[in-house]
Amino acid sequence: MSKTVLISGASIAGPALAFWLKRYGFTPTVVEIAPALRPGGQAVDLRGAGKEVTERMGIMPRVKELCVDERGVAGVNAKGQRTYAMPADMFGGEGIVAEIEIMRGDLTQVLAEATTDVEYLFGDRIAEMTELADGVQVTFASGAVRRFDMVVGADGVHSGVRRLVFGPEEKFVTQLGAYTAYFTVPDPGDLDHWFLMYNEPGGLCVGIRPERGGTAKAMLTFLSPPLQFDRRDIRAQQEILRRKFGRAAWKVPAILAAMPAADDFYFDNMCQVHVDQWWQGRTALLGDAAYCASPLAGLGTSLSLVGAYVLAGELAATPDDHEAAFARYQQEMAAYVKQGQELPPGGAKGMAPANNFMISMRDLSMRMAHHWPMKNVMAKMMSKADAITLKDYSRSMAVPPSMSK
């Protein structure tokens, strides 16, 4: 019998893991609390090892069809005048904006198209887990009870699997002193395929980037100590943003006006996740649930895709010894994750400086990124996307590659 694996989470890491497990002869099932695939989210980039995994999956042609034509990132002042510009072709297409940029929702759809032979359970979640001698008994919120050989939590920063098996969220989540929101707005018509960013004193950062089909993605980020808010109460979250950005200039009034109509509104604190050991018994963690790097680090999508590839490959190498496979998975990923979690200079304060002087200094450093010595510093920071050599797990496939397509 093939090994059965329950994967919690249908964003990026979960479907990517299901893809590889299915290819290696496992029987994966993906459970997702949302009633369908989640739309929206910011543009995500595929770079370095993450790009290589996408190519090995055979989905790169479809990804390129849905790519965003984003030609770089530029800072602007209140009048819309540029204060710095970093084209996408800086550092060989591996700069702040990568050569391959795709909206998170579109990448999720591509991964779902690649796993149509996988069982998906939408509108449900894991409520209880009991490890048995030969598997894990899972009780779903719907009341269904099933047994699986293994369970993988690929359910994000607020992972339910991690909470059930590893402990409360506070043990693993480190807040970075900022909050951020993403949502869709009408394309203002003057982006010219650039991701534009604007800062105001008080630790406010506003971004708007192009996408396809006459819309754009807005980003509102602000520095703040920990806030108390209901993650399910979108109106209350939007009110927090109105209070913070209500007097801001540039395109902010139009962004706030469009916010209530967005059906993909997302708001949360910026954070990182650090888990000493990514598995317990027959349960493992993957992606943001185990090692969220935060949007500041810029490598979250690649960490998820590479982690899925490595975890599936190691399980295929020793399907009857899951703990040894889990240990090798963490060993293979450890250095890559460590580098991936390194934050840019200044962290959240570098993204959202507190006053006009610090804003001008940050803009100067971005302009200097074209020149030595800052160019060398930036190039080294961007090179972390390649900080892993991917094994070839093809010999673990249940069928030859030519027959598995």
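Start by selecting Met 361, which you'll find in helix H12, the stretch covering residues 356-368. Keep in mind as you look around that this is a predicted model. With a relative accessible area of 36%, Met 361 is partly exposed.

Next, pick Arg 362 and Asp 363. Their side chains meet in a salt bridge, at 2.9 Å from N to O. Are these two buried or exposed? Both Asp 363 and Arg 362 are buried, so each has under 20% relative accessible area.

Time to go inside. Select strand E11, residues 150-153, and look at which way its side chains go: Met 150 and Val 152 point one way, while Val 151 and Gly 153 point the other. All four are buried.

Keep E11 on screen and bring in its partners. Strand E1, residues 4-8, runs parallel to E11, and four bridges join the two. To see one of these pairings, click on Ser 8, whose bridge partner in E11 is Gly 153. Then show strand E18, residues 283-285, which is also parallel to E11 and joined to it by three bridges. Here, look for Val 151, standing opposite Thr 283 of E18.

How many salt bridges does the model have by the rule used here? The count comes to 22, and a few are worth a stop.

Go to helix H2, residues 48-57, and select Glu 52 and Arg 56. These two form a salt bridge, with their closest N and O atoms 2.6 Å apart. Why do they sit about one helical turn from each other? Because Glu 52 and Arg 56 are four residues apart in H2. Both ends are partly exposed: Glu 52 has 31% relative accessibility, and Arg 56 has 30%.

Jump from there to Asp 230 and Arg 232. This salt bridge spans 3.4 Å from N to O. Colour the two separately, since Asp 230 is partly exposed at 36% relative accessible area, whereas Arg 232 is exposed at 75%.

How values were computed. Residues are numbered from 1 along each chain as its sequence is written. This is a predicted model: local features need pLDDT of at least 70, side-chain atom pairs count only at pLDDT 80 or more; totals for chains, interfaces and linings use all residues. Side-chain values use heavy atoms; hydrogens and water are left out. A salt bridge is a side-chain nitrogen of Lys or Arg within 4 Å of a carboxyl oxygen of Asp or Glu. Buried means under 20% relative accessible area, exposed over 50%, partly exposed in between (1.4 Å probe, protein chains only). Two strands pair if DSSP finds at least two bridges between them.
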